[in-house]
Amino acid sequence: MQPPDSNRKPRVTSIGLTSDFLHLARPYWGGPERWTAWFLLIAIIVLAVAQVLLAIRLNLWNADLFDALERRSMEGFMRQVVVFVVIVLGTMAVNAVHLHLKRKLQLGWREWLTARLVNEWMQDGRQFRLAMIPGNHSNPDGRIAEDIRIATEAAVDLFHSLIYCILLLVSFIGILWGLSGSLPVHVDGFEFDLPGHMVWLAFLYSGVGSALALFIGRTLVSAADLRQTVEADLRYALGRSRENAEAIAIARGEADERGFLLRLFSPVAESWHNQTSGLRRLILFSSAYSTVATVFPILVSTPRYLLGEISLGGLMQTAQAFQQATSALSWPIDNFPRLAELRASAERVLELHNAVTETEARAAAEQSAQRIIVATSEKPVLFFHDVTLAEPDQRILATGLSLSIQKGERVLLTGDQHAAAILCKAVAGVWPWGSGRIEVPVEPLALLPQRPYMPPGTLRHALLYPETPTQADDATLAETLRHVGLEFLVPQLDAEAELSQILSPGDLQRIGFARLLLHRPSWILIDQATDGMDEQSELALMHILGDMLPETTILAVGHHSGQNGFFTRHLQLQRSEAGMVLLQEDQHHETRTTPPKQRLGLASRIGRLIDLVRAGFGEG
């Protein structure tokens, strides 16, 4: 089994990635939340200005303090202590407010972008179709939950730090220029004065440092991307093991599953080591760079101090101004790991967005000969016009499917179960691969899959899913549960439980039938949704549908021969010698519309007996 993200396309350029990500995230700043977003952004910029002003005041205080020390003035020293306390309190207040507003902006942007991606992904069956086609869009849950968080948080953090560094640079370049004075330079008998020499040294020092840092840390981007990819693969596998915990336990497959999970951790460890190596090299350089930056300006300016051109306070102020300027110019060095993380997460978010939009655009652009067209019709008939079913890789599965199903008919579809299930999905509009045309009546249509989805929450919510029907009072719900043989669940209507983990497959399928009885659709497609029951229980539920929804048309995929007593038509999907699936109708099919009373009673009693001995849910 290959990890979901193991095959990846070549990376896009940084400029293209930044442009695409901003295009995706920009509408937040012009949408309904724009006033709040812009207010927070402007407030963050204002607070960045305040942070810079406090840094400038601290620089001036540094000169005043050392001048007072040089004069051995106790009064001046105490005055500077009071000033320092005020600076510290101001810094604390500004940083606290800044943190609050920054995190509020990060959360708002993340919430908006999450809603956009979830709406794009979880719509019109896209989440199903996307999982069926290859591409760099696997693990959409991790991309939405984790990569959007990283991208939005890092973008706001980096924007603030960039604005702060620009303001810091502009401010301290002026201070450093004024403190530097003119430095006499002698080169081969040529003499000139170099004004602001500390400024030029700051640019030279930072330029060389940034170039070396970019060269040393060039592998961090790919290392960060690889790590996030393999981490997502591990999360996916762990979630898959959790969802299939019962099947693994029954098969005693824990050892095999452990081995698979631990094998997936190997690339995680390898990517971690690769990232550690890159960070280690960068830390070695940046540690030396920052340490030298504290001493370098003092060494350069000491001759001027010894000559009496500047005071001790001026020397220390020059050193601090040099450090602030080089710190601002070193923004790429300091934020290189964060930039790599932002780039990797933004790319993963864009891959999901692009996969969803491109899939839909391609489907909309294709002609009817290249995909299955599902159209609504005012006629109470389900039409199949020369339908061809294909796999997502365009491999033809079935061809030449043409038939009509009239209102009120009960049709059993047997034979090739895979092709039959795909045919039901095509009618439901979630399987576009193939060709031909399907005309679906405008009346409500429901597809009951083999494993009905159980949303998180209460049993009541599971019964009413996906939307509350007209009749949904407690008495109606209780009566419906009794009809499908789940009367033991009536006291548990409002209990929070993981139904998919507690109930048996047969009981989960019974909840699916209960939904049909509550929502009362006019057309029902049943895709092997009774394979967890015995034949008698299966036939009993079919007759309950027929009795309570007498006008409803039913097309069911099944394999139990006992169903023949309920259905009025029998269609078969038979695989030919060439491997193609063809549709045939059994002209000798015998019909019977009235169920034997004793069969219904026996099925109900058997189901009730099984329910009474079932452990778990009822006891909770």
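Trainee: How many residues does helix H5 have, and how far does H5 reach from its first C-alpha to its last?
Mentor: H5 (residues 140–180) has 41 residues and reaches 56 Å, close to the 60 Å expected at 1.5 Å a residue; that expected span is 1.5 Å times one less than the number of residues. Helices here are DSSP runs of H or I with at least four residues, numbered from the N terminus. The model is predicted, so local features need pLDDT of at least 70 and side-chain atom pairs pLDDT 80 or more, while totals for chains, interfaces and linings use all residues. Residues are numbered from 1 along each chain as its sequence is written, and side-chain values use heavy atoms, without hydrogens and water.

Trainee: Where does H5 bend?
Mentor: At Asp-147, by about 35°, the angle between axes fitted to the seven residues ending there and the seven starting there.

Trainee: And what follows H5?
Mentor: Gly-181, with a positive phi near 70°.

Trainee: Which residues of H3 meet H5?
Mentor: Among them are Trp-109, Leu-113 and Trp-121, while the H5 side includes Pro-140, Ile-148 and His-160. Contact means heavy atoms within 4.5 Å. The axes of H3 (residues 74–121) and H5 come within 9 Å and cross at roughly 145°; axes are lines fitted to C-alpha atoms over the stretch in contact, with angles from 0 to 180 degrees between N-to-C directions.

Trainee: Turning to H2 and H10, at what angle do their axes cross?
Mentor: The axes of H2 (residues 34–71) and H10 (residues 312–329) cross at roughly 155° and come within 7 Å. H2 is therefore roughly antiparallel to H10, a term for angles over 145 degrees. Phe-66 of H2 and Met-316 of H10 are among the contact residues.

Methods:
Helices (H or I, at least four residues) and strands (E, at least two) are DSSP runs, numbered from the N terminus. Angles under 35 degrees count as roughly parallel, over 145 as roughly antiparallel, 65 to 115 as roughly perpendicular and the rest as oblique.
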